[in-house]
Every structure is written in C-alpha cells, then in structure tokens.
Amino acid sequence: MQEDAIPATSGCSSRVVSARSVLTRLRAFYDSQKTRSLDFRKEQLCALGCAIEVRESDILEALYEDLHKPRQEAYVSEVGFVLSDISYTLQRLARWARPRRRRGPLLAWPSRGLILPEPYGTVLIIGPWNYPFQLLLSPLVAAIAAGNCVCLKPSELAPATSAVVARMVLDTFSEDYITAAEGGPETAEELTNQGFDYIFFTGSIRVGRQVMEAAARHLTPVTLELGGKSPCIVCHDVDLTLAARRILWGKCMNAGQTCMAPDYVWVDALVEREFLTALGSVLNEFYGGAPRQSPDYGRIINRGHFDRLLGYLGQGRLVCGGEHEADGLFMAPTILADVSPSAPVMQEEIFGPILPVLRFNDIDEVLVSLKRRPKPLALYVFARNRAFQARILAETASGGVCVNDTMTQAFGKTLPFGGLGASGMGSYHGKAGFDCFTHYKSVLRRSTWPDLRFRYPPTRHSLATVKRFCRLFMRR
Ligand code: NAD
C-alpha cells in the first residue's frame, strides 16, 4: 500500500484511496461552486436528516455494540441531538448566510461595505469514540450549512458506529463532496498533513496538540474540542438530593465517558456527610442497587480504559460502588471521599464513573485550587446564594458554566459550546457552528469618483494638518 493510502469507507468496501486524492477530489468539488447555493446546502441537510431517520435503529444498535449505550440515552444524546441540529439549522440558514451591509469608512467616501459569509472550502472533521455519532455528525451539519466539502474521520475505537456512519455517508452524498475515511491514528495523521482549509478536532489534549502542530505547517485554522477535569462546587444552602441527582445524572451518562461530565466535586464541609448520603440514595434510586443489571447503565469502552479506571478505585475512601467486572467492561458508579488533591485521580481526566468528593471550609481554597489547574471545559456550581454564584462566575475561567445542573448547557442551540486553554479553542452548536465553518469576508465597494489627491505622494500637508484630517475622517 502506498504511504498515504487509507481505506475509504472500509465499513462497506475495501477500496483504498490516498489521503491526498481525498483532498484533491473535495477541492475540485468545492471549486465547482455547487456548495455556494443555499438550495444545494438545504437539500444536503434534508438528505442527511432522512438518511439518519432511515438508519435510526442501525445507529442505535451500533452505539449499543460499541458502548452498550441504552437506546433512550443514545437517542437523546446522539441521534435526536443531530436531527434537532438539522431542523434548527434549516430554519435559520437563509438568515445566517445573508450578506450584511456596513457603512464604508469616511476616508473612502463614497463607498459601501459588505460582510460576505463564505465557506472555508475543504474541512476535515476528526471524531472521538465516546459520542461517536453526535460528535462527528453535529459538526458535519454546521460544515454543510456553511457550504464546505467534508472528510469525516470517525474513531476507530467505536468500529460499529464508524461503519454505519461511513455506509450512510457513501449512500447519501457524492464522494467528492462528503466522504468518510475510516481508520486509526495513522489515517488521521495522514489526513491532517494534507492541508485542508479547516480542521475540526474532538478528542484528547495529547492528540489535539499533534493536530494543531500539523495544522500549523499549513497555517490551517483549527477548532479543538478537548477534555479535562470539569469541577463541580456544592454550596451548603442547596437541596442536596437535587444536587446529587443532577450531578450523578451527568456523571453516569455513558458510564462517565463524557467530555463535560462533572469530574469531581467540592462540597462545603458543613454538609459533606449529608451530601455523601444523598449520593448513595440517588444511585439506589437510579439503578436499584444493581447497576450491572440496569438497562440504563453503559459500559467502559475497552480494557485499556477499564484498567486505567481500576487504578483509581483505591485512591480514596470508598463510599459506594466499586463493583467491577473486567469481562463485561462493567464498572459501577463509584463515590470516593477523603481523596488527596495530589492523587492521580485528581490529576488526570477520569473519563469514567468514579466521582471523588473533596470538602472545603472556605470557598477561597476552592478558587485557589481552580486557578492552579488547567482551564476546564465546564464548571458546575450548585448554590442558592446569588452572591456565591456570582463570585464563582467572576473568579473562575472555563469553557462554560452551568448553575444548579450539569451538562444541560450543551443541549441547546443558543449557547456556543467549546473550551479554552487546555480544554480547547473555538466553539460550535447552533449559529456558533455556522460561524465556526464560515470565513466572514469583508468587501469594500468604492466609487471611482471623487479621487481626492491629498492621499497620494508627494505629501503637501504638515503633520498637524494630517492629524486634524485623521480626527475628522477616521472616526468610522
Ligand atoms: P483521541 O484524541 O485519542 O482520538 C480522537 C481522534 O483522533 C480519533 O479519531 C483518532 O483516530 C484521532 N487521532 C489519533 N491520533 C491522531 C493524530 N496523530 N492526528 C490526528 N488525529 C489523530 O481521543 P478519544 O480517546 O477518542 O476521546 C476521548 C477524549 O476526547 C477525552 O479527553 C475527552 O474529554 C475528549 N472529548 C472532548 C469533547 C469536547 O467536545 N470537548 C467531546 C468528547 C470527547
């Protein structure tokens, strides 16, 4: 096989294409100008919506095969999520894509300014395994809406979903317009080296760094949707059962393998004991004391991650959970107390169903600790006291914040979703997704009359006159 050969849509055939030829074909299609038409984009979005609806059960089955995802959970967080993206986008696309008029600068009077939303061109979207459908298809919806040609690279660690997506893409779109390149890190690396016009990457910090390095060689702009440790702060004045329920809902979805899941909790020492009891009761309420038998609870993706998580279990006092079974890749939701802030479970992104609970006596301790850590994707605060909420909002940095709940900040279309610093750069969802894949091209249309001579050399005016002139004519 030639050096940059990659299996294209290997879920359905064994054809081999080169990463270079993928880009060449996409670029040729883009240059044909077809994607400039709004009707074309809308047709493609409708076709994608239909393709998803037709394959709904195959997709849910694949998600079950890869991650043991309960059907209802998979529908809400993957299939339904993308379908709602499509309908939201279709309703607003014409408005988003409209050129905007601006007044031209006085200095260039008479003139008219225009901002033209333009596609980047060819886009590479690389997805992770934890929401292998949503995190590939939701950016795809935005990229199509903005008028780009796309190569999708699904995660090799969710092979069943990868195959369904590849098949669906092949059956729905012209291969020169949207294509899926299945494969592992080598395939992804090969693709990132080609010089796409935009790279949208969701995954780990380590690989995000590699993607950005590869993109930098071509000066390709990137969006990086990365991970990290999203903290949760519980004040003494909240309804502790409600807080426990909402925190565990976020932690247990997809068995804790969610980028913005609450990673660990800081609870006010005044209510620590009560809160730990509430967590135990809520787990019982969710899974009846036997999460292994529950149809609502997922599994760990593979043995490597299972073993990594196993290593965390002894790093605190076991409050509840801890049961595990390597064969079935099962790990019960587990609460750890008395965890040392220097323990590995408090240093690395957990990405599994283990919830360390730390206590604080003074919120200043928490703020100092958060400032020392990399900026997380999300921060959760449970408090009734508005001043307490406001202080956390003002003194912490994170991709997003949700007050009195977890994860729901990412379910709507009106709030941009993304990280900063170690948790990523750029954002999407709703209009932010359209913006992410759009270059806003500024155009100034000048009249040829009058053509004032004063700006051309040789300079005939003193510096004082020029300064006066600037004050007058450079105000807008
Ligand atoms: P990963 O970084 O290991 O892999 C992600 C993708 O990158 C895969 O498709 C993989 O094939 C590809 N890849 C591997 N090596 C590459 C290279 N050298 N160049 C380009 N691409 C390469 O991540 P993962 O294990 O699949 O996902 C888990 C991580 O993703 C967690 O850290 C999680 O927090 C993060 N995540 C973030 C978000 C978000 O929206 N911010 C969402 C989900 C997951």
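Q: At what angle do helix α12 and helix α13 pack, and how far apart are their axes?

A: This is a predicted model. In it, helix α12, residues 363–372, packs against helix α13, residues 386–395, at an angle of about 20 degrees, and their axes lie 11 Å apart. Angles under 35 degrees count as roughly parallel. That makes α12 roughly parallel to α13.

Q: Is the crossing of α12 and α13 left-handed or right-handed?

A: The crossing of these two helices, α12 and α13, is right-handed.

Q: Which residues in α12 and α13 meet?

A: From α12 come I363, D364, L367 and K371, and they meet F388, R391, I392 and E395 in α13. By residue class, the contact of α12 with α13 divides into four nonpolar and four charged residues, with no polar ones.

Q: Which residues line the second largest pocket, and which elements give two or more of them?

A: The lining consists of P70, Q72, E73, V76, S77, L248, W249, C252, M253, F286, Y287 and D296. The elements that give two or more residues to this lining are α4 (71–96), α9 (240–252) and α10 (272–287). The largest share, four residues, comes from α4.

Q: How do the residues of that lining divide into nonpolar, polar and charged?

A: Eight residues of the lining of the second largest pocket are nonpolar, two are polar and two are charged.

Q: Turning to the backbone, is the peptide bond from W109 to P110 cis or trans?

A: The bond from W109 to P110 is cis, with omega near -5 degrees. P110 itself lies in the loop between β3 (100–103) and β4 (111–119).

Q: What kind of peptide bond joins W449 and P450, and where is P450 found?

A: W449 and P450 are joined by a cis peptide bond, for which omega is about -5 degrees. The loop between β20 (438–446) and α15 (463–473) contains P450.

Q: Is phi of Q33 positive or negative, and where does Q33 lie?

A: Q33 is a residue other than glycine with a positive phi, near 75 degrees. Its place in the chain is the loop between α1 (19–31) and α2 (38–54).

Technical notes
Residues numbered from 1 in each chain as written. Predicted model: local features only at pLDDT ≥ 70, side-chain atom pairs only at ≥ 80, totals over all residues. Heavy atoms only, no water. Axes fitted to C-alpha atoms, helices over the stretch in contact; angles between N-to-C directions. Parallel < 35°, antiparallel > 145°, perpendicular 65-115°, else oblique. Left-handed = near helix turned anticlockwise from the far one by under 90°. Contact = heavy atoms within 4.5 Å. Nonpolar A, V, L, I, M, F, W, Y, C, P; charged D, E, K, R; others polar. 1 Å grid on protein atoms, 1.4 Å probe; cavity = no way out; pocket = protein on both sides within 12 Å on 5 of 7 lines; lining within 4 Å.
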